[in-house]
Amino acid sequence: YYVLIEGGADHEHDDVILDIKEQVTPEAYRLMDKAQQQAWRKLFPNEGIRHAAAFHAIAEHPDAYLGWLTMNGKVFSVRERSPFKKDYPTHKLSGGKAYRKLARQWGEILAREHLRGAQALNRGKAAPFVGVVSTLAKAYADCVAQDYQVFMEHFLATDTAS
């Protein structure tokens, strides 16, 4: 959701747009054992708190609106939407090589920010975390490979039928 906070009539350029997104439990949570899940919930009673803590950890200057709210039994993060945020013009990319390069760059940025956030939160349990992420990544890679195989089999069957 986007929420407009209308500034006072005396100031033309003081409106603020808030970005409000539902926060759900990360996929890795289901791979944790009971003790790890309990430790997670003790650290983060809800996913809005997790999001705010992580954003504080990775942002050099988190905005004044950073927080969370609950609505209709769901948890949402709240933060100011930057007036400078724009979509990357992916329509200008041509070919798979350019997309792969962009995906690699975004992946590196995302990984670096997550590492910085984890270090700032001082989780202190790197080995179990690496194990959970590795298990999740391998399972996801297997799923993607299976999906691709089904897609190719369907595509080839459709192509030969015509």
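Reply: N72 lies in the loop that runs from strand 3 (67-71) to strand 4 (74-80); helices (H or I, at least four residues) and strands (E, at least two) are DSSP runs numbered from the N terminus. The model is predicted, so local features need pLDDT of at least 70 and side-chain atom pairs count only at pLDDT 80 or more, while totals for chains, interfaces and linings use all residues. Residues are numbered from 1 along each chain as its sequence is written, and side-chain values use heavy atoms, without hydrogens or water.

Although N72 is not a glycine, its phi is positive, at about 55 degrees. Most residues other than glycine have a negative phi. N72 counts as exposed because its relative accessibility is 76% (exposed is over 50%, buried under 20%, partly exposed in between; 1.4 Å probe, protein chains only).

M71 has K74 of strand 4 as its bridge partner.

Both strands belong to an open sheet of four strands, ordered 1-2-4-3 with antiparallel pairing. Strand 3 is an edge strand, as is strand 1 (2-5), and each of them pairs on one side only. From one strand to the next, the twist averages 30 degrees.

Helix 2 (residues 47-58) packs on this sheet and touches strand 3 and strand 4, contact meaning heavy atoms within 4.5 Å. The directions of helix 2 and strand 4 make an angle of about 25 degrees (axes are lines fitted to C-alpha atoms, for helices over the stretch in contact; angles run from 0 to 180 degrees between N-to-C directions).

How values were computed: Two strands pair if DSSP finds at least two bridges between them.
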